[in-house]
Amino acid sequence: MAQKLTVSYQDLYSEVSYFLGLTTRGTAPTGTDLTTCKDLVDRGLRNFLYPIDEMGKPHEWQFLKFPFVFNTSASNWKYALPIDFSDICGTLHYSQSDANPPLVKRSAEQILEYRAGNQTTGYPECYAITPTKYDIEIGTLYELWLYPEPDSAYTLRGFYRADPIQLSATTDLVVGGIRACEAIIESCLAVAEHQEDDTIGLHT
């Protein structure tokens, strides 16, 4: 079967292993070397996914933004968010048929204060993102809170930023497609030269 010019998890840790002189080109490490190289790749991926630009501001990758569409229901003001959810990108809008103004983001504390003062129902005007619990296998899970409490079904649309799942199988492909491959490789090598060689070198 034809393959795209992307790279797999094994490609990454084999490249790191070769860079550190642990194996020959194209050979996968084993034992403790494998554990070390996988750790370096995981750190390299995290650095790539959440980079800081020249102005000191976080950069947002477009390929981590996914469409977000869900329907509200009457008398339900809390909604579970996807397990890979990180944050809302931009604004939450209603569908064209509803023709309501976009929702305004508030803190979870503000939503509770609004509800304590006046538990009205209607079309939601504001929302908050709040963690609900921590799952040892998944991580932190989030909910979307709405105010006022929906009085009927509404369709909300927007985009959310995803936290990619950790690579585990040798054939798992990196996020971002072909465009991101070379940058991801360099990010992994930068972590390797910094952590193992204790230097900030060419790859960094």
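The lining of the largest pocket in this predicted model divides into twelve nonpolar, one polar and four charged residues, where Ala, Val, Leu, Ile, Met, Phe, Trp, Tyr, Cys and Pro count as nonpolar, Asp, Glu, Lys and Arg as charged, and the others, Gly among them, as polar. A pocket is an open set of points on a 1 Å grid over the protein atoms alone, where a 1.4 Å probe fits and protein lies on both sides within 12 Å along at least five of seven lines; lining residues have an atom within 4 Å of a point. The space in the largest pocket amounts to about 490 Å³, the volume being that filled by probe spheres set on the grid points, which are joined across faces, edges and corners. Of its 17 lining residues, Leu49, Asp163, Pro164, Ile165 and Gln166 lie nearest the centre. Helix H2 (residues 31-49) contributes the most to this lining, with four residues; helices (H or I, at least four residues) and strands (E, at least two) are DSSP runs numbered from the N terminus.

Residues are numbered from 1 along each chain as its sequence is written, and side-chain values use heavy atoms, with hydrogens and water left out. Local features need a pLDDT of at least 70 and side-chain atom pairs count only at 80 or more, whereas totals for chains, interfaces and linings use all residues. The average pLDDT (the predictor's confidence in each residue, from 0 to 100) is 90 for the chain, and 96% of the residues score at least 70.

In helix H1 (residues 9-19), Tyr9, Leu12, Tyr13, Ser14, Val16 and Ser17 are buried, that is, under 20% relative accessible area with a 1.4 Å probe, protein chains only. H2 and helix H4 (178-195) are among the elements that cover these buried residues. Just after H1, glycine 21 adopts a positive phi of about 80 degrees.

Beyond its neighbours within four places in sequence, leucine 12 is in contact (heavy atoms within 4.5 Å) with Val7, Val41, Leu45, Val174, Ile184, Ile185 and Cys188.

Methods: Buried < 20%, exposed > 50% of the residue type's maximum accessible area, 1.4 Å probe, protein only.
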